[in-house]
Amino acid sequence: MAAAKIAFDLVSPERLLLSVQADMVTVPGAEGYMGVMAGHSPLVATLRAGMIDVLIDGKDDRYFIRGGFAEISPAKITVLAEEAIPMTELDLAVLDQRIADAQEDEIAAKTDRDRQAAGQMVDDLKLVRAAF
Amino acid sequence: MASLKELKGRINSVKSTQKITKAKQMVAAAKLRKAQAAAEAARPYAARLAEVMASLAGKVSGDSAPKLLAGTGSDQRHLLVVVNTDKGLCGGLNSNIVKEAKAQARALIAAGKSVEFFLVGRKGRAPIRRDFADQIGGGFDTSTVRDPGFAEAEAIASELMAKFESGSFDVAHLIFAEFKSALAQDPLTQQLIPVPAPATASESGAVVEYEPGEEEILEELLPRYVKTQIFGALLEIAASEQGASMTAMDNATRNAGELIDKLTIQYNRSRQAAITTELVEIIAGAEAL
């Protein structure tokens, strides 16, 4: 299976960011990071805020996403991101702004579930910031 | 007949109007390209999201379906979300949208339902208030930002969903203009909440796993679907506004040109008439001597 590639589409509401043939794509699943290669069993997963790692011919591209979905079939993975920024365009100011927004959401949240989701977002974003 | 000076004044004023309409037309043409590209770039996301929704909605049904999908079980109170532009000078676009909204409202009222409006964009407020002053339930101001984007769509969606959660309406429709071309923008009504069950059932029988679970995913996906719909409407209306504006201003520029020609002919004729009269007077005076 080493030679087989998987089609990878990264879509944000504004545009189609990326549509490539990748060797492996690592996405931040709700239950942990997972690497997806060709031949993966069909899966639909929610994604947390984190980094997407696209491995093509030994080189990897990184993208920051702020939550979303992944739809995986054996030949294709589509990521529908709430917001996606290529690593090269990402800077700390943007990230800090997102963290501040999420913290505000956490305070403003009306239900426990919303608060939990916002808290999760803050934690995830801080992790990304620490790794930056 | 108007005096020469008056005619000259009118020609000049029409000329300056023509300059304005021409400038607006060129601005709209430039902006149209951008707005159209944005509207087109947003379509893949909506399409993919609809696909995932379709495959999921088929699996989660019955009692376990979230409220956003199943509805409140009643369809008595309707909310019409009308998306208009913030600026004028775009021909009949806004009045067409308002006409569509009013027609929908009248049909619903005739069927014995209650109707409330939620207005996005400035240009819909006045004409709808004229007929349905008491039914305007709220609105969202998009005029504070230059290009309404996903953040605004999110804000609108969360306001609508909060209203839905608190039970102030049963069904929400989204009314906006779909951008077809610079010449055609059709008003369109779409059901927004509850999310209409997609017609296409899941394609193959392949077993798809869900992480964490179907319901959790659906619960996250539905609000996002609503947001995407509104975002799409905002982009469509932005493209429609520029398209309609371009066409309307093109017409206005042409009309102004015609008017200038007509006035110029009139001006020249009266100038000639004045000269002829003067000559006749001089000749008559010379002969009398």
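A nonpolar core is a set of buried Ala, Val, Leu, Ile, Met, Phe, Trp, Tyr and Cys residues joined through C-beta atoms within 7 Å. I note that the model I am reading is predicted.

**Entry 1: the core.** I looked up the largest nonpolar core and found 93 residues in it. A:Val79, B:Val81 and B:Val82 have the most contacts inside it. Helix α7(B) gives the most to this core, with 18 residues. I recall that nonpolar side chains tend to be buried together in soluble globular proteins.

**Entry 2: B:Val82.** Which residues does B:Val82 contact, leaving aside its neighbours within four places in sequence? I listed B:Ile97, B:Ala101, B:Phe117, B:Leu119, B:Val120, B:Gly124, B:Ile128 and B:Ile175.

**Entry 3: α2 against α7.** I turned to helix α2 (residues 43–57) and helix α7 (residues 214–288), both of chain B. Their axes come within 10 Å and cross at roughly 145°. The crossing of α2(B) and α7(B) is left-handed. On the α2(B) side I found B:Tyr45 and B:Leu49, among others. On the α7(B) side the residues include B:Ile217, B:Arg224 and B:Gly232. The residues of this contact divide into 10 nonpolar, two polar and two charged.

**Entry 4: chain B against chain A.** I checked where the chains touch: 21 residues of chain B contact 19 residues of chain A. On the chain B side, α2, β6 (209–211) and α7 each give two or more residues. Helix α7(B) gives the most, with six. That side divides into 15 nonpolar, one polar and five charged residues.

**Entry 5: domains.** The assignment for chain B gives domain 1 (4–22 + 249–288) and domain 2 (36–198 + 209–247). I noted that their C-alpha centres lie 51 Å apart.

Key. Residues are numbered from 1 along each chain as its sequence is written. Chains are lettered from A and ligands numbered from 1 in the order in which they are written. This is a predicted model: local features need pLDDT of at least 70, side-chain atom pairs count only at pLDDT 80 or more; totals for chains, interfaces and linings use all residues. Axes are lines fitted to C-alpha atoms, for helices over the stretch in contact, and angles run from 0 to 180 degrees between N-to-C directions. Helices (H or I, at least four residues) and strands (E, at least two) are DSSP runs, numbered from the N terminus. A crossing is left-handed if the near helix is turned anticlockwise from the far one by less than a right angle, and right-handed if clockwise. Two residues are in contact if their C-beta atoms, placed from the backbone, lie within 7 Å. Ala, Val, Leu, Ile, Met, Phe, Trp, Tyr, Cys and Pro count as nonpolar, Asp, Glu, Lys and Arg as charged, and the others, Gly among them, as polar. Domain bounds come from an automatic or database domain assignment. A residue is buried if 20 or more other C-beta atoms lie within 10 Å of its own, exposed if 12 or fewer, and partly exposed in between; C-beta atoms are placed from the backbone.
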